Amino acid sequence: MGSMTRDPLGCGDCPVRDLAVCAGLSEAERRDLAALGIRRHYRRGETIFAAGDESIACATLISGAVKLSRHDVEGVERSVALLHAASFLARLFAAEIDSSVTAIADSELCVFPRRAIERKMGDHPGFMERVLRATAEQLASAHDLIDLIGRRNAAARLAGLLLLFAQGGCNGAPLDGTLIELPMTRGEMASLLGLTIETVSRQLSAMEAAGTIERQGQRGIRLKSLDALRSVAG
């Protein structure tokens, strides 16, 4: 009788196993890593990590979407990055987490003790390289969001945000006809972009009238012309 292979995190059916930081590990290394973690579900609006807490954990986002935010000197929350499936969430080798991480859609994560991951990086140089690359991608996401919010034109801000959602929701580049499920309400998008809800609604209606998008249900957006959307985003 053959022995049973233990798969504590369900890595065999993980939808991001070929994209996440654990991709490239051997099956033995993957099982070794999986033994350290646990799968957790977070409802939309739940805090995953809080700013100021000891950085005791890191995580891979299996599904859903999260935002990283900080409070400025006046106590106003500012979103600094939006992350999607396959992203790695951590502040490794740091005493504290400097950003809050909040689920903006129902999300599932593989959560690991930070110290264990740091040791694992030392044991497997290839894993360390992927973690460092994921950290660089998180910084790039923050720069993208800062650039987006800094645009003066309301239509450009909203178009850019839709493109960010589309890129995060696809394993490859989005195509014409791609259907995305908005992870944020119109009010949350308005707050993020520094606009009013009325302006967001008006811009969505204008994009639909122009044939750039098609709204489906409460949160569905079908991208009918990516070229037009990119042109609006600038």
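In these legends, contact means heavy atoms within 4.5 Å. Everything you see here comes from a predicted model.

**View 1. Lys-67 sits in strand S4 (residues 65-71).** Start with a single residue and look around it. Leaving aside neighbours within four places in sequence, Lys-67 is in contact with Glu-77, Ser-79, Ala-81, Leu-82, Ser-100, Val-101, Thr-102 and Ile-104. Is Lys-67 buried or exposed? Buried means under 20% relative accessible area, and Lys-67 has 16% relative accessibility, so Lys-67 counts as buried.

**View 2. The second largest pocket is lined by Lys-67 together with residues that include Glu-77, Arg-78 and Ser-79.** Its volume is about 210 Å³. Ile-149, Met-184, Glu-188, Ser-191 and Leu-192 also belong to the lining of this pocket. Strand S5 (77-84) and helix H5 (186-193) each supply at least two of the lining residues. Sorted by class, the lining has three nonpolar, two polar and four charged residues.

**View 3. The largest pocket holds about 1000 Å³ of space.** Of the 40 residues in its lining, His-84, Ala-85, Ser-87, Gln-167 and Gly-168 are the closest to the centre. Which element gives the largest share of this lining? Helix H3 does, with nine residues. The classes here are 23 nonpolar, 12 polar and five charged residues.

**View 4. The largest nonpolar core brings together 31 residues.** Leu-161, Leu-162, Phe-165, Ile-180, Met-189 and Leu-223 have the most contacts inside this core. Several elements each give at least two residues to the core, among them helix H3 (125-149), helix H6 (197-209) and strand S11 (220-223). Helix H4 provides the largest share, nine residues. Zoom in on Ile-180: not counting residues up to four places away in sequence, Ile-180 touches Leu-162, Phe-165, Ala-166, Arg-219, Gly-220, Ile-221 and Leu-223.

View 5. Of its 19 lining residues, Leu-9, Cys-11, Cys-22, Cys-110 and Phe-112 are the closest to the centre. Helix H1 (27-34), strand S3 (57-63) and strand S8 (107-113) each give two or more residues to the lining, and H1 has the largest share, three residues. By class, the lining has 15 nonpolar, two polar and two charged residues. How many cavities of 30 Å³ or more does a search of the whole structure find? The search finds two.

Notes
Residues numbered from 1 in each chain as written. Predicted model: local features only at pLDDT ≥ 70, side-chain atom pairs only at ≥ 80, totals over all residues. Heavy atoms only, no water. Core = buried A, V, L, I, M, F, W, Y, C linked by side-chain atoms within 4.5 Å. Buried < 20%, exposed > 50% of the residue type's maximum accessible area, 1.4 Å probe, protein only. Helix = DSSP H or I, 4+ residues; strand = E, 2+ residues; numbered from the N terminus. 1 Å grid on protein atoms, 1.4 Å probe; cavity = no way out; pocket = protein on both sides within 12 Å on 5 of 7 lines; lining within 4 Å. Points joined across faces, edges and corners; volume = space filled by probe spheres on them. Nonpolar A, V, L, I, M, F, W, Y, C, P; charged D, E, K, R; others polar.
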